[in-house]
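Let's take a walk through this model together, starting with its pockets and ending in its core.

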Amino acid sequence: MPDAVPPFAIYLIGALIVPLLRGRVRQGFALLVPVVAFVNYFLIPEGTHWTLPFLDFELVLGRADEWSRIFLNIFTILSFAGILYVVRDNEVLDLSGGLLYAGSAMGVIMAGDLISMFIFWEMLTLAAVFCLLARRTNAAGKAAYRYLLVHIFGGVVLLAGLAIHLASGGSIAFDKIELAGPGPILMFIGFGINCAWPLVGAWLPDTYPEASVGGVVFMATYTTKTAVYVLARTFPGEPSLVIIGLVMAILPLFYAAIANDLRRVLSYCLVNQVGFMVIAIGLGTDLALNGAAAHAYCHILYKALLFMVVGSVIYRTGLSRATDLGGLIRSMPLTCLFGVLGALAMSSPWFCGFVSKSIIMGAAAKEGRGLVWMVLLCASAGVFLLAGIKVVYFAFFSRDSGIRCEEAPPNQLAAMALIAGIAFCIGAFPDWFFYDLLPISGADYQPYTFGHVTDQFALLLFCGLAFVLMLKSGLYPAEIRATNLDAAWFYRRGGKVIDRVMDWALNGINAQTHRWMHGRALPAITEFFSHGPSYLASSAMTPIWKLQGHDADEIAKRKQSVYLRCERGVFPIGITACLAVFLLALLFVVSYVSHKSST
Amino acid sequence: MKTNPPTDDDQKSGWFEKPENVRKLWIGFLMACGLFMILDLVLVVIAFDKHPYFKWQKWPALYAVTGFVACVIFALGAGYGLRPLLKRGENFYDDETSENKDDTDSSESHHSPNHDDETRTDSDA
C-alpha cells in the first residue's frame, strides 16, 4: 500500500505542470489530477501526518479526522467535475486556477495548525484571481482587482489576529478558540470576510458574475466552504454566529429577487445558504454541526450544478441576464433538465438538499429555537423561488427571446450529470454512504418521515404557485437592467471618495513640498554654494579698500574684478600661498592649545 | 448563435409554448397543490403525529402557507420596497476607471464568449 501524500501537493504540482503541456495531453493530465487525488484520499490514514518544523513552531500539514474527511471528499469530487466542465477549451487559467483552488482549499482542510492554515488560506485568493482573469473581459479584470483588494484586506485582518493571538500566549493549534480579546476577534472577522458575512461579504455577488463559466464553479465551492470549515473548527457554538447567519439567510434573497444577471442571483442565494451553515455552527450542538457539514457537502453539489447550467447558457449565448434570455428550452433542453434537477436538488425530497437542510432545521427545533426554525423555513422557500424557479424560468422559459443556439457541449453535460447523479444518490439513499461521512457520530437524523416529505412537497408547490400567480397578475417585479446598491458600494464608490481625498491631501502635500524644495530651497542653496564664496570674498575686501581710501566707483570696480576672479577661479599664486600659510598657522595654534589643555 | 423566427424544427420544444399544453400543466399543477392540501387535512383529522417541537408546528398547511407568503414577501418586498431605494443605472460603477462601459456578456475581447460548434457570430450587446 503506497503512502498517501498531502492532497494539496498533488494539485499544486498539477497546476504547475498544466501550462507546460499542450493539447490533448494537457486535457488528459488535468483530468487525471483529481482522479489521483481521489485515490490518495482513500489512502490517508486517520491521525496527524506531514509535520514540518518552522521557527519555534511545528506545522502540521495533515490532520486527518472526520471533519477533514468529509470536506476532503466533496472537494475532491467537485474538483473532478469542475475540471471536466472546463476541459474542452483547454484554457490554462481555468485549469491551473481550478487545480490550484482545489489544492489550496484542501491545504486549509488538512492543516493542523493556524500558520499553515493561513498560508493555504491566502493561496485561495490567488487561485480565485486566476478564475476571474480567465474570463478575459475588462469587467473581469476590474473584478479581479476588487477581489484582490478585499481578500488581501481580509488576510491582513486574519494575520493581525493570529499574530496578536500568538503574542498573547495563544497556541497555533487549529482547534476551538475562545472568542475573547483582540486576537481571536480579528481572526473571527478575517474568517467572516471569506465566509461572505453581511457587509463584509459584498465581494461575492460583486465578483462572481464576472468570473469565467468554469471558474465560478470553483469559486463558489471552495472559498466559502473552507471558511465554514474553519469556523466550525474554531468557533463552534458561538452565539453571534446565529444572528449573523440569520441576516445572511434573509437579506440576500431580497437582492436576488431584483437582480438581473442570473449568476448574481445565484451568488446571493449562495450567501443565503452559507447563512444556514453559519447558523448551524452558531447553534453548536452535535446535530447542528453535523448539519453544517452535511449542508456544506450538499450545497456544493447543487450550487455547482446551477452555476454550471447558467455557465453553459453563457457559453453558448454569451448572455447571462434575465432581460436578455428566455425560451432556451428549445435549444438547450438537456441543460434545462439539469437546471430543473439543480432546483430540485436544493430542496426536494429524494435529493441532497432535503437531507442536509432538514438536519439543521431539526437541530434548531431541538434547541427550542422557534424563530430560527421559522426563518430557516422562509429562507428555504425563498431560495427555492429564486435560485430554483427564477433562474430556470427566465433562462429557459419566460418569453421566446429568439435566441437559437447549440446544446451545451458533451463535457459540460457530463459534469452536470455526474453532480446531479451524486445529488440524487445522496438524497434518495442518505444512509448508503453520506450519513456515515458526517463528522459527529451519534447525532442521527431521519429526514424521511411521511409528514416531513408531504410538508416539503407542499412548501415547494406553494412557492411555485406564488410565483405563477404573481407573474400572471403582473405583480412580480419585472426583470430590468439595473445595478442595485449593495455593501460593495462602500469600497467601490466609497473607495473612489477615499482615493480623491488621498489624492488631494497627499499629492497636495507632495506638490507643495516640491514647490518649496525644488522651487525655492534648492536654487537658494545652489546659489549659495556656487556664488557664495565669490560674494564673500568681494564683500570681505570692501572694508579694506574703504580704509585704503578708494572712492565708491573704484571700490565697485575692484569688487567686480575680485568677484569675477573668484567666479573663474583665477587668483595670483601669492594669495593661495598666503592662505596656505594662514591655515597652517591656525592648525599649529589649535593643536598647541589643545595639547596644552590636555596636559 | 442565431436569432431567427421559430421554425418547424422547434416543434418539439415549442410544446411548452402551445396554449393547450400550458393549460394542461397549469391544471396539473393546481391539482397537485390541492392534493397536498387535502393530504395535510387528512393527516390532521387522523391525528398523525408529525413529531412537532413547537405547538404551532401542528397547524395544518403550515409549510404551504409559509412557502407562499415567504415567496410573496421576498418578491414584492424586493420589487417594491428595496428596488426603489437601491436601483441605479446599469453602468453606475463604470466611471471607476477611464475605461468606457462594457457589459459582462457583450462580445468584446479577444475571446469570443459564445461558443458554437459550427459558426461564430456576434452576440447581442
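The largest pocket has a volume of about 1,100 Å³. A pocket here is an open set of points on a 1 Å grid over the protein atoms alone, where a 1.4 Å probe fits, with protein on both sides within 12 Å along at least five of seven lines; lining residues have an atom within 4 Å of a point. Grid points are joined across faces, edges and corners, and the volume is the space filled by probe spheres set on them. This is a predicted model, in which local features need pLDDT of at least 70 and side-chain atom pairs count only at pLDDT 80 or more, while totals for chains, interfaces and linings use all residues. Side-chain values use heavy atoms, without hydrogens and water, residues are numbered from 1 along each chain as its sequence is written, and chains are lettered from A and ligands numbered from 1 in the order in which they are written.

Of the 28 residues lining the largest pocket, Tyr393(A), Phe397(A), Phe467(A), Val468(A) and Leu25(B) are the closest to its centre. The largest share of this lining, eight residues, comes from α18(A) (helices are DSSP runs of H or I, at least four residues, numbered from the N terminus).

Now to the core. Tyr101(A), Tyr208(A) and Phe396(A) touch the most other members of the largest nonpolar core, which has 210 residues. Such a core is a set of buried Ala, Val, Leu, Ile, Met, Phe, Trp, Tyr and Cys residues joined through side-chain atoms within 4.5 Å, where buried means under 20% relative accessible area (1.4 Å probe, protein chains only). Helix α12 (residues 286–317) of chain A gives the most to this core, with 22 residues.

Key: Buried means under 20% relative accessible area, exposed over 50%, partly exposed in between (1.4 Å probe, protein chains only). Helices (H or I, at least four residues) and strands (E, at least two) are DSSP runs, numbered from the N terminus.
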